Amino acid sequence: MIPLKIAAAYIRVSDERQDEYSPDSQLKKTREYAAKEGYLIPDEYVFYDDGISAKSAKRRTEFNRMIAMAKEKEHPFEVIYVWKFSRFARNQEESMVYKNLLRKKNVAVVSVSEPIPEGHFGTLIERIIEWMDEFYLINLGAEVTRGMTEKASRGEPTCAPPYGYVMKEKKYYPDESGPADIVREIFRRYAAGEAEREIAISLGERGIRTKSGKTPENRWIKYILNNPCYIGKIRWSLEGARAVSKRDYTNQNIMTVSGHHEPLISEELWETVQKRIEAQKKAYPPYAKRDQPVEYMLKGIVRCSACGATLAMSSATTKNGARSMQCCNYSRGSCHVSHSVTIPKLEEAFLQALEDSVKHQIFNVEPQKPDSNVKDTPDYEKLIAIEKRKLERAKAAYLSEIDSIEQYAKNKEDITARINELNALMQSEANGQILDLNAYTEKVRSILQYIKRADVTAKSKNEAVRTVVSKVVYLKSTKSVAVYFST
C-alpha cells in the first residue's frame, strides 16, 4: 500500500455566516478532497484563524505560523488546502507574494471548491479568481458605507455613543450613572458665561474623565457643545465615519437628522449655546497658521517650565497696553500652571541672561540636530532608531516562528553591527564639533548687540536669536529664564 503524503489545511472565517459550510464541515470536506488526491492532513497541520479578515496577513497568527513552517528547510507538508482562495487572501498582491514564496519551497496552495487545471491557463484562472475576491472586498466596503448612510438617514445610530450615552439594543440611552448629568452641566455652565477652559479644569479637578480616560480639555468641551446628538440628532458624513470624527462642524457633506434617542438638553439651551459660540468666533476669529507676522523677538522660542509647551501671545494686555504670553496647554486646559508674562518683561530677562552668558562665558549648549534639508548631514539618532525597530521586528518574526533561529541570529548580527557603526559615526562627528569658547562668545555678543538695536524689526531679531538659541524656558517661580544654546 502506498503511504499517504502529508498536507496542511488552512481554515479561516471572519463571520460565522459568510460561508455555506461551518469550519468543521470545511475541514471534513477538505480532508475528503485531500484523501482522493493521496494526501493526509494530520491535526497538527490544521491551521485555524477565527474572526479575522483576510485583507492583511498581519493579524492572522495561525496563517503566519503555517507560512513559517512551510519555509523550513525540511517542511513537513507539500500542499496547503483551503476551502476557497479567498480564505487564503483577498489582497491579490499579498496572495501573490505568499504563493510565490511557497512555490519556491515546492509547497502548493489548492482550493477545494475551486479546482483549476494545471499549466498557464490554470494560473490565469487563479489570478482571475483572486481579482474577483479582491473586488468583492472593495465592493463590500462601499456597500457597508452605503448601508450605514441609509441607516443614519433614518435616524438610527451608526457608531459608538458619545459621552453621556450608552448603547442598548442598538439604540442610545442616557447614561444616568453620571456622564449624562455632566453633559447637561457643561451646556448650562457655558450658556451662563463660563469659558471652555474653566469648565474643563473644574471637571478634571473633580476626577471626571473622558470616555478614553483622559483629563478633560477645552477641545473636549468644544466637541460636546457642538454635538447635536445631545438634542436628539444623528450626524453622519457622506464621506464615511472617519470624516464625521474630524470635528468639522461646518462640513456641508455631514447630514444631521432627527434620531430616535432621548435628548439630554432642550432646544432652547442648545440655541443659547450656539449663539454664544458664534459670538466667540466673531470676537476671536481663527488666524492663518502660515505667513504669520512676527510681532515680537521671542516668538516660537519660549517654553513652559511645567509642561514644555510653547508660550504664545495671548489676548491679555496690561494697563500700558503691553501684550502677554501664556502656555498653549494652559490655554487648552491640559496644563494647570499659568505662565502668563508680559512680552517686555520676558525680553528684558532674556537679554540679561544673554549678557550674563557672554560675561562669564557659560553656555548651556544643546547638541545641534542635523538639518533635514542638508543631504550630507545624516540624522544618526533617527537612523539608529530605525535599525532598532528592525531588530524588534526580527525578534517578533522569530517569536512568531516566521523566521528560524538561524535567520534571526544572522539578522540580529547584521543589524547590531549597523547600530554600532552609526553610533561610532555619530560620536566621531560630535567630537569634531568641539566648541571654540572664545569664538562662540564673540558670536553671541554680536547677536546680542544686533537684537538691542531699535532699528531692527522683530522678525529679523527672531531670526538672529534662532542662530544661537535652541529654546528659552520661562521659570514662573523665579520669574527668570533659562537659555539653551545651539552650536
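Predicted model: local features only at pLDDT ≥ 70, side-chain atom pairs only at ≥ 80, totals over all residues.

Student: Which strand does S13 join up with?

Tutor: It is joined by 2 bridges to strand S14, residues 341–342, and the two run antiparallel. If you want a spot to look at, find Ser-324, which stands opposite Thr-342 in S14.

Student: Okay, zooming out. How many helices and strands are there in the chain?

Tutor: The chain has 16 helices and 17 strands. It is 487 residues long, and 38% of them count as buried.

Student: And what share of the contacts comes from residues 24 or more positions apart?

Tutor: Counting contacts with a separation of 6 or more, such residues account for 62%.

Student: Now helices. What angle do H12 and H15 pack at?

Tutor: About 150°, with the axes 10 Å apart. H12 is residues 343–360 and H15 is residues 437–451. That angle is over 145 degrees, so H12 is roughly antiparallel to H15. The crossing of the two is left-handed.

Student: Which residues make that contact?

Tutor: From H12 you have Phe-350, Leu-351, Leu-354, Glu-355 and Val-358. H15 brings Thr-441, Val-444, Arg-445, Leu-448 and Ile-451. By type, they divide into 7 nonpolar, 1 polar and 2 charged.

Student: What about Lys-452, where does that lie?

Tutor: Lys-452 is in the loop between H15 and helix H16, which is 458–466. Its relative accessibility is 45%, so it counts as partly exposed.

Student: Which residues does Lys-452 touch, leaving out those up to four places away in sequence?

Tutor: Leu-351 and Glu-355. Both also belong to the H12 side of the contact with H15. Lys-452 and Leu-351 are 101 residues apart in sequence, yet their C-alpha atoms are 8.3 Å apart in space.

Student: Nice. Let's switch to H6 and H8: how do they cross?

Tutor: Helix H6 (residues 179–191) and helix H8 (residues 218–225) have axes that come within 10 Å and cross at roughly 95°. H6 and H8 are therefore roughly perpendicular to each other.

Student: Which residues meet there?

Tutor: On the H6 side, look for Val-183, Ile-186, Phe-187 and Tyr-190. They meet Trp-220, Ile-221, Ile-224 and Leu-225 in H8. This contact divides into 8 nonpolar residues, no polar and no charged.

Student: Where does Lys-170 sit, and is it buried or exposed?

Tutor: Lys-170 is in the loop between strand S7 (165–168) and strand S8 (171–174). It is exposed, with a relative accessible area of 70%.

Notes. Residues numbered from 1 in each chain as written. Heavy atoms only, no water. Axes fitted to C-alpha atoms, helices over the stretch in contact; angles between N-to-C directions. Helix = DSSP H or I, 4+ residues; strand = E, 2+ residues; numbered from the N terminus. Parallel < 35°, antiparallel > 145°, perpendicular 65-115°, else oblique. Contact = heavy atoms within 4.5 Å. Nonpolar A, V, L, I, M, F, W, Y, C, P; charged D, E, K, R; others polar. Left-handed = near helix turned anticlockwise from the far one by under 90°. Pairing = 2+ DSSP bridges. Buried < 20%, exposed > 50% of the residue type's maximum accessible area, 1.4 Å probe, protein only.
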